[in-house]
Number of protein chains: 4
Amino acid sequence: MSGERTWTVGVTGATGYAGGEVCRLLAGHPQLQLTGVHAASSAGRRLGESQPHLLPYADMVVQPSGPEDLAGYDVVVLALPHGASGAIAAGLPEDVLVLDCGADHRLADPAAWARWYGTEHAGTWPYGLPELPGQRGKLAGARRIAVPGCYPTSVTLAMAPALAAGLVEPEVVVVAASGTSGAGRAAKPNLIGSEVMGAVSAYGVGGVHRHTPEMVQNLSEVAGRTVGVSFTPTLVPMARGILATCSAKVAPGTTAESVRAAYAEAYADEPFVHLLPEGQWPTTAAVLGANTVALQVTVDPDAGRLVAVAAVDNLTKGTAGGALQCANIALGLPETLGLPVVGVAP
Amino acid sequence: MSGERTWTVGVTGATGYAGGEVCRLLAGHPQLQLTGVHAASSAGRRLGESQPHLLPYADMVVQPSGPEDLAGYDVVVLALPHGASGAIAAGLPEDVLVLDCGADHRLADPAAWARWYGTEHAGTWPYGLPELPGQRGKLAGARRIAVPGCYPTSVTLAMAPALAAGLVEPEVVVVAASGTSGAGRAAKPNLIGSEVMGAVSAYGVGGVHRHTPEMVQNLSEVAGRTVGVSFTPTLVPMARGILATCSAKVAPGTTAESVRAAYAEAYADEPFVHLLPEGQWPTTAAVLGANTVALQVTVDPDAGRLVAVAAVDNLTKGTAGGALQCANIALGLPETLGLPVVGVAP
Amino acid sequence: MSGERTWTVGVTGATGYAGGEVCRLLAGHPQLQLTGVHAASSAGRRLGESQPHLLPYADMVVQPSGPEDLAGYDVVVLALPHGASGAIAAGLPEDVLVLDCGADHRLADPAAWARWYGTEHAGTWPYGLPELPGQRGKLAGARRIAVPGCYPTSVTLAMAPALAAGLVEPEVVVVAASGTSGAGRAAKPNLIGSEVMGAVSAYGVGGVHRHTPEMVQNLSEVAGRTVGVSFTPTLVPMARGILATCSAKVAPGTTAESVRAAYAEAYADEPFVHLLPEGQWPTTAAVLGANTVALQVTVDPDAGRLVAVAAVDNLTKGTAGGALQCANIALGLPETLGLPVVGVAP
Amino acid sequence: MSGERTWTVGVTGATGYAGGEVCRLLAGHPQLQLTGVHAASSAGRRLGESQPHLLPYADMVVQPSGPEDLAGYDVVVLALPHGASGAIAAGLPEDVLVLDCGADHRLADPAAWARWYGTEHAGTWPYGLPELPGQRGKLAGARRIAVPGCYPTSVTLAMAPALAAGLVEPEVVVVAASGTSGAGRAAKPNLIGSEVMGAVSAYGVGGVHRHTPEMVQNLSEVAGRTVGVSFTPTLVPMARGILATCSAKVAPGTTAESVRAAYAEAYADEPFVHLLPEGQWPTTAAVLGANTVALQVTVDPDAGRLVAVAAVDNLTKGTAGGALQCANIALGLPETLGLPVVGVAP
């Protein structure tokens, strides 16, 4: 049994937000032990300088992020910009569990990768969304896992039951609100506090956001046919959280009852997906810092549309928590081990 | 000529947010003079207690809000909860200009009123959205004006050109983000700062928000046929501002160019509607405190949808500024007189 | 040994912020088990209605808050407005551990209580700030503990080493910034989101805040003479966190080095007080949701003052975390058991 | 008479926050006409790209910022980092009114300049705080004006009456909360939204902030003797506003009444300084976008200290509004011309 065993974990990109969140969660995990932090820059500095909240790791020294620097861990988490993980992963032994929080290994279709990213496809890894039908089996024992993007996690889980059950037509409209940490830690003029506080703005409008093909891929696989996705992300004045509002035309015969039944059944045994009681709608505050998806769904009979709303913490279930959930599965540990389900509210 | 004349204005609901904004704008209007403030409660107190930002009016004493209390003004602005304005308006002379910021006189269809509000219909007044085709003529000289709701203002202006030109199918999906002032000043548990900061939540989901029939009414009139609207409002952590993300399937033959041309033409001469240069998307921060609508539109060829995004300040163009714009028209003043077009940013 | 034993815990005021935070932390505590939730109102409702983030307890039904309702627990946490806990505590057996998060049992001087609260003094309990010299001994085995206020926790820990070592004169000036959750969950007009977002305001200015005598009591005891405290609280636009900026004139001979040495020594073995490396100043974000105090101190040679800045989460170390830290001590458990030291950032 | 005359104004640093605010206010000024915008970078781009809220100026093209580029204006506003204005001003004719929003010409003592800035002193210009005793006379007709820093504006006005009247001892303790726009528009890692939202932090602690000598200079002049200032700035999660909490020990004989009388008299005729009614404390929200200082003062008899709290908008009265107020005086215009006194709240 695995009860006493621990695995060493190295995190690269540890000075960024996704990597920092992986470290935060590892501090509460009984069998995964953070033993090294890496980053493309900041090498040689104390982690506490960039991540003052990670008290137990404050005196760890940030190391470089080359493949050779990442050797020797049982588990390696890549929290890097897209394009960086392919080369690193290629240099790591096959029996090391590699969790890629970047986009490089998510898309199955090389043509889609080429269209959206414009570089050579690094290959496709098992997709780390265990709540998709049949997906847990692909993750058990895996040693390479592509962690989903934060928007696709929320949107896929919001719409999958309806599409799987044929309750809606395969054209989904999504408008999602995201906190600023989703845009990373690089200092960009449009992301400084003075610009984002007191402001809501749209960006990547018109189908150009790179998470779109990932949603199309997930939802099409669930539906068994091509699903179109109109996706508009918006930036809202908070650091963490995504609220995804998703809708589609209902198919003939779909009722509020059939919808609720489909969602209740789909997520009955899911430890991290919480279908709220009828009438209660999700707020991102309730899932802050937790690996939880808060979900609600209804039917608008006038407009003839199903509307599903999902709240996730983009850094937790949307990235780092999702990654460790997959690690638990891959390593044969209880899926929920060490992962918070209670949000930090208010 | 009207150049030198001034009109006296009384505002009721002056201790609330909409009423306070009317007062703020009146402080900058050269020919409309605030001479009395009223409220259903707070009578007898200095206005400065509840509205410390209204320095020039700080020592005005709040008066009661009965019809008799509102006699004697040239212009009366009603910034009250729905249901309150019918009786008051009935008690005012016909030659007094009455601007109702509440919902009571917006809907033309008594059955719609009954369904959505459940009370007796107070009658329909000219609808105060001058940017709608042919609407200015109905407002010139009017003495009763129904000021539009904040959500309908943004959504109607975002989608009207596309629907009027037949560029999209008549089914519109709207997800709008609103600051908390749109919910008014009453202290409700879900609106306290600890609940709304760091949080985005959806409410009124599934077609149950009362602004929905107003959008349907406006857009159907513009389109010349019934338009369905799926509307989901969300609450975001800021005090002011609405960002409405609207989309609809494009009709056959619609191109990005035909869309842009339609919007450019529709708003070419509008002083308060600003179609942004291509590639620039609206942010609510840019219109804070201004009577401006910032607008952008594009076509998503993959999803086959037109996406239009509008930003307004819910209290300014969305309520109080829209009201004074209508007052200018009704009184024969220049439409832009005294109304700010520059937002307070950052 | 106590390793396997669990204690049952009842929390009253569980629908409020302090009580909710106690519940949140109990969810991660291996030996304290939340078995009942109570509140003065809301009895009969699911806890999930008011505390949607507390997923594991969502279906617990809120019970009334009378003394008889609270019988049968090993540990009772009172998270109630001041004035409510005396009567309840009197009705509980002496061997039940009662943690009072309210003010009722903090002040040793009945005259001080009478002056600041105007009611009969409920008596003085051991004061739950283990970091004070000699205080742990008073808490070990205790069955009644007065949990400190959030402001006094931060201010006392910021200034105690300097006063204990005689490095400063006994007149302390404090300006503290607090998130809104410190004001509780009652819906008050000045606390709604529209009022607090984008705004900083001062309140309780001029020595009238009720936490002042608690600071005077703590600092005077540490200093061995009467310490004056000028305390100004301010409200800032965030839900959680306190940043206390404290200063006092340096005594003759005090140097930056002697100050740093005193603080380093005072907190060398404290698991929850973190003196930051020189040059790094605290931010509340780094301690969000953690039982950590982040602290820094320096000397301003021009002004001749020592300046100490402490950051705490008002709900965690400032209330609920401090309470459970005391419970650990009182019950003979490891002091840090089940308490997070890593903040949720960004 | 000056009634009809207009002056042309060029603003450099127009793509930043201070310069943008100057432009915003000029849009509402009847006799100062913005005719050119300049910046050290961004030359050749539309102003609307960086300042989307400045609709009337959106199509102005940003020009370079050399002395020769700034020739030909009646008024030049320098909104540049310190160190940049000396050379520019030297190249402009003496009869051009130059308003320097930077620090270069504020300090009278070259040694203080050398200590705090480390570069050659550019010389001292009349100090643009008309509310200081005798200062208006120095500004009337001036053609070079040093606009005060945002912190010194609030602190000086908060403490000047008490020091001038000898009501307090000459040692002032200031803790000020500032919105992020005070730190400028440069994209720095510690200023991105994810870092500042939900966080309060201290910086420049221990007497090292460069606004300190300016406060010392102002308050010493008012007091007629050297005044020590302990100044701690903190950063709070909002874009605009400063709340300065200032205190000093009361001198023998000082009473709450004598304090109030001194403040009431000092500011009785000041159009922009508003001493609030007793019991009402300032909030930054009430002065957002306005040239107003909201002020309150009291005495804490236990601590023996006078406490004064001032709220300003750092970009308006704290910078751009203060600059235009000075321009009005210098040009012989009514001091309040074109300057808003009503804040944008909520």
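**Notebook: interfaces within and between the chains**

I began with the boundary inside chain A, where the rule finds four salt bridges across the interface of domain 1 of chain A and domain 2 of chain A. I note at the outset that the model is a predicted one.

**Entry 1. The two domains of chain A**

I looked up one salt bridge by name: A:Arg136 pairs with A:Glu270, and their closest N and O atoms are 2.6 Å apart. I then counted polar contacts between domain 1 of chain A and domain 2 of chain A and recorded 19 residue pairs, both residues at pLDDT 80 or more. Next I asked which elements of chain A each supply at least two residues to the side of domain 1 that touches domain 2. I found α1 (17-26), α4 (110-117), α5 (135-139) and α10 (316-331). On this side of domain 1 of chain A, α10(A) gives the most, with six residues.

I turned to the extent of the two domains. The domain assignment of chain A gives domain 1 as 7-148 + 317-330 and domain 2 as 151-314. Their contact takes 28 residues from domain 1 of chain A and 32 residues from domain 2 of chain A. I computed the centres over C-alpha atoms, and 24 Å separate that of domain 1 of chain A from that of domain 2 of chain A.

For buried area, I noted about 2400 Å² between domain 1 and domain 2 of chain A, with 51% of it on carbon and sulfur atoms. Which residues of domain 1 of chain A lose the most area to domain 2 of chain A? They are A:Tyr17, A:Trp116 and A:Lys317, which together account for 30% of what that side buries.

**Entry 2. Chain B against chain D**

I moved on to contacts between chains. In this pair, 29 residues of chain B are in contact with 29 residues of chain D. The area buried between chain B and chain D is about 2300 Å², and carbon and sulfur atoms give 71% of it. I searched for salt bridges between chain B and chain D and the count was zero. The count of residue pairs in polar contact between chain B and chain D is ten, both residues at pLDDT 80 or more.

The elements of chain B that give two or more residues to the side touching chain D are α1 (17-26) and α2 (47-50). The largest share of this side of chain B, three residues, comes from α1(B). By class, I recorded 16 nonpolar, eight polar and five charged residues on the side of chain B that touches chain D.

**Entry 3. Chain C against chain D**

The contact takes 42 residues from chain C and 42 residues from chain D. About 3100 Å² is buried between chain C and chain D, 63% of it given by carbon and sulfur atoms. In chain C, the residues that lose the most area to chain D are C:Val200, C:Val205 and C:Gly206, together 15% of what that side buries.

The rule finds four salt bridges across the interface of chain C and chain D. I looked up D:Lys249 and C:Glu171, whose side chains meet in a salt bridge at 3.0 Å, N to O. The residues on the side of chain C that touches chain D divide into 22 nonpolar, 13 polar and seven charged.

Terms used: Residues numbered from 1 in each chain as written. Chains lettered and ligands numbered in written order. Predicted model: local features only at pLDDT ≥ 70, side-chain atom pairs only at ≥ 80, totals over all residues. Heavy atoms only, no water. Domains from an automatic or database assignment. Contact = heavy atoms within 4.5 Å. Buried area = accessible area lost by both parts, 1.4 Å probe. Polar contact = N/O pair within 3.5 Å; in protein donor to acceptor, adjacent residues only side chain to side chain. Helix = DSSP H or I, 4+ residues; strand = E, 2+ residues; numbered from the N terminus. Nonpolar A, V, L, I, M, F, W, Y, C, P; charged D, E, K, R; others polar.
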